[in-house]
Amino acid sequence: MNESIAQNKQLADAVPALLTDQDVQHYLEALQTILDDKKALNLVVIDLRKRSTMADFFLVCSGNSSTHTRALADAAYHYMKDAGLTIY
C-alpha cells in the first residue's frame, strides 16, 4: 500500500504545474526583453490562446546570421531552463 502511494507521489511530482495567466505573461515579457537585448529582428508574438491547446503564445524572431540566430535560441533556451519551465 505504501509503495502505491509513493508511486503516485512520484507521478504527481513529474507532472509540471500549470501556469497562471500572470505567470505566462511574466515569462513572455521576460523572453521578449532577453531577445530584444540580443538585438533580435522582426520580433513577433502570436497569441494562440483561442486557437490551440498546445501553446498560449509563439514568439518568433530572426537574426542577422546563423550565429546570431543560434545565440538568440540559446538565450531563450537557457532562460526557460533556469526558470524551471518545461521545454518541448
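Asparagine 42 lies in strand S1, where strands (E, at least two residues) and helices (H or I, at least four) are DSSP runs numbered from the N terminus. The model is predicted, so local features need pLDDT of at least 70 and side-chain atom pairs count only at pLDDT 80 or more, while totals for chains, interfaces and linings use all residues. Residues are numbered from 1 along each chain as its sequence is written, and side-chain values use heavy atoms, with hydrogens and water left out.

**Overall layout**
- The protein has three helices and two strands, in the order α-α-β-β-α from the N terminus.
- Of its 88 residues, 18% are buried; buried means under 20% relative accessible area, exposed over 50%, and partly exposed in between (1.4 Å probe, protein chains only).
- Contact means heavy atoms within 4.5 Å. Among contacts between residues at least 6 apart in sequence, 41% join residues at least 24 apart.
- The protein exposes about 7100 Å², and carbon and sulfur atoms supply 54% of that area; accessible areas come from the Shrake-Rupley method with a 1.4 Å probe, and for residues only the protein chains shown count as cover.

**Nonpolar core**
- A nonpolar core is a set of buried Ala, Val, Leu, Ile, Met, Phe, Trp, Tyr and Cys residues joined through side-chain atoms within 4.5 Å.
- The largest one here has nine residues: Tyr27, Ala30, Leu31, Leu35, Ala40, Leu72, Ala76, Tyr79 and Leu85.
- Helix H2 (21–37) and helix H3 (66–82) each supply at least two residues of this core, and the largest share, four residues, comes from H2.
- Leaving aside residues up to four places away in sequence, Tyr27 touches Leu19, Tyr79, Ala83 and Leu85.

**Nonpolar surface patch**
- Val44, Ile46, Met54, Phe58 and Val60 make a nonpolar surface patch of about 440 Å².
- Patches are made of residues with over 30% relative accessible area and no salt bridge; like charges are joined within 9 Å, and nonpolar side chains (Val, Leu, Ile, Met, Phe, Trp, Tyr) within 5 Å.
- A salt bridge is a side-chain nitrogen of Lys or Arg within 4 Å of a carboxyl oxygen of Asp or Glu.
- Strand S1 (41–47) and strand S2 (57–62) each supply at least two residues of the patch.
- Val60 is in strand S2 and counts as partly exposed because its relative accessibility is 38%.

**Positive phi angles**
- Asparagine 42 is not a glycine, yet its phi is positive, near 50°. This residue counts as exposed because its relative accessibility is 61%.
- Lysine 39, also not a glycine, has a positive phi of about 65°.
- Lysine 39 sits in the loop between H2 and S1 and is exposed, with a relative accessible area of 60%.
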